[in-house]
Amino acid sequence: MLIAIDYDGTYAADKNTFKSIIRCFQSVGHEVCIVTMRSPTLDYHPDFDELKDKYDVRVVFCDGVPKRKHCESVNLFFDIWIDDHPESIYLGSQFTDEQLSDWRKNRAA
């Protein structure tokens, strides 16, 4: 299976548990990707390097585009989506441009 895990509000909410879940999925042959609404240039986080290098997890940046639409445009078809805002899979970002700008200014990282 190909499994998508959201970053903000999902993986980032409990990193240690999700690291264990990722390893569990991988141990039985499943592939895991982080799929995020973030921009690869404006919203990069050091966690993404660890996920790629240590856990062999691909990070897919949708840059505000609905996740399913973006992923299918790059030939990624997920069997399972794990997401705290499942509507983002179909609808895209829940934030206005102004809200996103404020989030970028005020976030810790």
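Student: Why is Phe48 called buried?
Tutor: The relative accessible area of Phe48 is 0%, and buried means under 20%, so Phe48 falls in that class. Please keep in mind that this is a predicted model.

Student: What makes Tyr44 partly exposed?
Tutor: Tyr44 has a relative accessibility of 32%; since the class of partly exposed residues lies between the 20% limit for buried and the 50% limit for exposed, Tyr44 counts as partly exposed.

Student: Why is the pair of Tyr44 and Phe48 called edge-to-face?
Tutor: Two steps are needed here. The ring centres are 5.4 Å apart, and rings pair if their centres lie within 6.5 Å, so Tyr44 and Phe48 qualify as a pair. Their planes stand at 75°, and an angle over 60 degrees counts as edge-to-face, which gives the pair its name. A search of the whole structure finds seven aromatic pairs, and Tyr44 and Phe48 also belong to one aromatic cluster with Tyr7, Tyr11, Phe18 and Phe61.

Student: How do you know that His45 is buried, and where is His45 found?
Tutor: His45 sits in the loop between β2 and α2 (46-55), and its relative accessibility of 12% is under the 20% limit, so His45 counts as buried.

Student: What makes β1 largely enclosed by the rest of the structure?
Tutor: Five of the five residues of β1 are buried, so the strand is largely enclosed. Both faces are covered, with Leu2, Ala4 and Asp6 buried on one side and Ile3 and Ile5 buried on the other. In a regular strand the side chains alternate between the two faces of the sheet.

Student: How do you know that β1 pairs with both β2 and β4?
Tutor: Pairing requires at least two bridges; five bridges join β1 (residues 2-6) to β2 (residues 31-36), and three join β1 to β4, so both pairings meet the definition. In each case the strands run parallel. Ile5 has Ile34 as its bridge partner in β2 and stands opposite Ile82 in β4.

Student: Why are β3 and β4 called edge strands?
Tutor: The open sheet of four strands has the order β3-β2-β1-β4, and β3 (58-61) and β4 (80-82) each pair on one side only.

Notes:
Residues numbered from 1 in each chain as written. Predicted model: local features only at pLDDT ≥ 70, side-chain atom pairs only at ≥ 80, totals over all residues. Heavy atoms only, no water. Helix = DSSP H or I, 4+ residues; strand = E, 2+ residues; numbered from the N terminus. Phe/Tyr/Trp six-rings, centres within 6.5 Å; stacked < 30°, edge-to-face > 60°. Buried < 20%, exposed > 50% of the residue type's maximum accessible area, 1.4 Å probe, protein only.
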